[in-house]
Amino acid sequence: MPEMTLVQAVNSALREEMRRDPGMVLLGEDIGNLGGVFRATDGLLGEFGEQRVMDTPLNECGVVGVAIGMAMLGVRVCAEIQFADFVYPGFDQIVNELAKIRYRSGGQFSAPVVIRMPYGGGIRGGLYHSQSPEALFVHTAGLRVVIPSNPYDAKGLLKAALRGADPVIFMEPKRIYRAGRAEVPTEDYTVPLDCARVVRPGADVTVLAYGAMVSLCLEAADRAAAAGTELEVLDIRTLWPLDIEAVLASVRKTGRVVIVHEAPRACGYGAELAAQLCERAIDVLQAPIVRVTGADTPVPYALEAYYLPDAARVLHGVDRVLKY
Amino acid sequence: METTIVSQGSGREQDPSRLEHPLHRYLDPVRAVPHPVVQVLDEQGIPVGPAPPIAADDLLQLYRWMVRVRVFDTRMVNLQRQGRVAFFVPSWGEEAVQIGTAHALEPHDWIFSAYREQGTAMMRGYPPWKLICQILGNGEDLLKGRQMPDHFGAAEYRFTVASSPVGTQIPQAVGGALALRLRGEPSVAVTYFGDGASSTGDFHAGLTFAAVQQAPVVFFCKNNGWAISLPTARQCRAERLADKAIGYGLPGITVDGNDILAVCTVARDAVDWARSGRGPVLLEFLTQRMGPHSTADDVTRYRPNELLEPWKKRDPIHRFRLYLEGRGLWSVAAEQEFRAEVDEWFNEAIRRAEHQPPPAPETMFDDVYAVTPWHLHEQQDEVLQCRK
């Protein structure tokens, strides 16, 4: 099995899906000759031509709006937003149009556009190349929100998204685009869009994470194990709709929960997870749920390391739920 | 075919920016002249240019459709006043733009409309009783009662579903046009929007993308003078909204939107331009919103009545009727007979629509996703249980 990085896995998924569906189109800024600022679309212009790999003017409202129009008429479209931080000019098209077209038309129309966007900190990107706006999309009825944490999932989830019937916000943790290589099958496969994954089983504390936070939680789990505590690390993967059963199964086992994400805390995705658990599992909880998250500040350039959760902060959270 | 072009003064001749200044040396004097307006019939229905080659029967159909739209609007506003309809957006005065542009399209062309195109929808085949079902939000509404009145949409008639945010359909129409081109279909996409929408970022995005891609799309800008309470002169500083096309590198043409023969002529040519691979076109139709923005609006707060006087003389239906009568194609007797027929047509449509039940409560959770996920089933149970 070949090994590839997460960004190569994304590229491979796009290439295979475009070969599979000769009508499929990519659009976004600098995705053609440059191959995208992170090279996710490297080589695709050469293989598929500029009608199908469309370099667009610098206007996210146009990227999303044009993608919606194509999808409504039956074209499979994958749009790239260069950085999640730049999605807001296209936000109205996503929230008021993309997410609502099936509903508002009584099911007559749909727009199963996949919008890919690199997100998150850890690359010294400052305020405008580091944001994690996943909660905004989870809050919008009609969207699926997917965040892979490794190359295998990135390819399988993206392929599933590109074959699905719903619009998908596909957020890629750019700090681990090239963090390591992993085995990715050459044969066709997909990863279902409603399925969390236990990355490391453990009996003492459930750690809920996704994206770049997963590997950091695994590091914390190694350190905790050395001190005699077993963490169960769950990769949420498909944030919405959420695989609630997988989360509940783990929490019923451990009774203690730490939620980790790099987005700001207030009304972040962790707030929804915590509320779901309070509603469904309060009887098994042995300690208050703890959130280890980015701060409720913009992402600072020079002090980014203080903003982002790291293994030490995860362990600090674990301590709090254990010592309660 | 040539059409006569008339110039309309903009009233900005005393503008300080027109006073002599060194900067004028660099400016194109042609650009300082207001964009010409295409017209075929004058206000008395007398041809001021050659009429387009439209058969007599088709001319009568254009007239009949305009009358139907006007009667429909009046009937719906009356129903609203009687409390039988919650809200309505009349299109009084804009009948020629809706019908003339629809006439220029093939059934396989795609329409990305806004919410004041009931006439276009009707002419495309959207049955009036189904339009009224949408307005009532009942169980027979194609949209399943999901949207406020006037947000029509029917895949069967290639008429996409309107939303309330203004201008969002513009880049979508460009995407639609690109999809049609990718598949090698001979169809074009057209999109309707108003003068207010020409200020949105979506307008800018749509025209920018369309021009760069040379997409087979025609932009129908209905300049009805008002974006709710704001007059066009305070919406845009350009002499004509069609002038905006220059900056995007596509043709922009201003048309007398109350002259259905001018609308038909230019719309047909623009659609042919786009269909033949020459790229997008922006058409601006000068018209007037003779009624309120909606039944929830109070037009007396911002528009003096006398402002409508010149527009009453330009009424698109009256003007075209004079033309048809002048050619011996229409008569008082024909008018009476047709009006009675239209009244009966809408009586039946209203009766049928008002007899439909409301949407079933459990349908509230359908169509959010292709397959309803667990959390919506859970919420559905909660809602239905508490409403028993």
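Which residue just after α1(B) takes a positive phi? The residue is B:Gly83, with a phi of about 80 degrees. The model that contains this residue is predicted, so local features need pLDDT of at least 70 and side-chain atom pairs count only at pLDDT 80 or more, whereas totals for chains, interfaces and linings use all residues. Residues are numbered from 1 along each chain as its sequence is written, chains are lettered from A and ligands numbered from 1 in the order in which they are written, and side-chain values use heavy atoms, with hydrogens and water left out.

Helix α1 of chain B covers residues 56-81, 26 residues in number. Helices (H or I, at least four residues) and strands (E, at least two) are DSSP runs, numbered from the N terminus. The expected span of a helix is 1.5 Å times one less than its number of residues. For α1 of chain B this span should be 38 Å, and the end C-alpha atoms are 38 Å apart, which agrees. B:Asp150 is found in the loop between α4 (128-136) and α5 of chain B.

Both chains are divided into domains, with bounds that come from an automatic or database domain assignment. In chain B, domain 1 comprises 34-357 and domain 2 comprises 361-388; their C-alpha centres lie 37 Å apart. In chain A, domain 1 comprises 3-183 and domain 2 comprises 197-323, and 26 Å separate their centres, taken over C-alpha atoms. The contact between the two domains of chain A (heavy atoms within 4.5 Å) takes 27 residues from domain 1 and 23 residues from domain 2.

The size of an interface is often given as the accessible area lost when the parts come together. Here buried area is the accessible area (1.4 Å probe) that two parts lose on being put together, summed over both. Domain 1 and domain 2 of chain A bury about 2,100 Å² between them, 57% of it on carbon and sulfur atoms. A:Arg124, A:Val138 and A:Arg175 supply 25% of the area that domain 1 buries against domain 2, more than any other three residues.

Two salt bridges are counted between these domains of chain A, a salt bridge being a side-chain nitrogen of Lys or Arg within 4 Å of a carboxyl oxygen of Asp or Glu. A:Arg237 forms a salt bridge with A:Asp153, and the closest N and O atoms are 3.2 Å apart.

Over all chains the structure holds 40 salt bridges. In one of them the side chains of A:Glu16 and A:Lys155 meet at 2.6 Å, N to O. This pair links distant parts of the chain, with A:Glu16 in helix α1 (residues 6-20) of chain A and A:Lys155 in helix α7 of chain A, 139 residues apart. Chain A also contains a cis peptide bond, from A:Trp240 to A:Pro241, with omega near -10 degrees. A:Pro241 is found in the loop between β12 (238-240) and α9 (244-254) of chain A.

Between the chains, 46 residues of chain B are in contact with 44 residues of chain A. The two chains bury about 3,700 Å² between them, 64% of it on carbon and sulfur atoms. In chain B, B:Phe209, B:Tyr369 and B:Trp374 lose the most area to chain A, together 20% of what that side buries. The count between the chains is one salt bridge: A:Arg280 pairs with B:Glu378, the closest N and O atoms being 2.5 Å apart. The elements that give two or more residues to the chain B side are β3 (110-112), α5 (169-182), α6 (201-213) and α12 (374-386) of chain B. Of these, α5(B) gives the most, with 10 residues. By class, the side of chain B that touches chain A has 25 nonpolar, 13 polar and eight charged residues.

How values were computed. Ala, Val, Leu, Ile, Met, Phe, Trp, Tyr, Cys and Pro count as nonpolar, Asp, Glu, Lys and Arg as charged, and the others, Gly among them, as polar.
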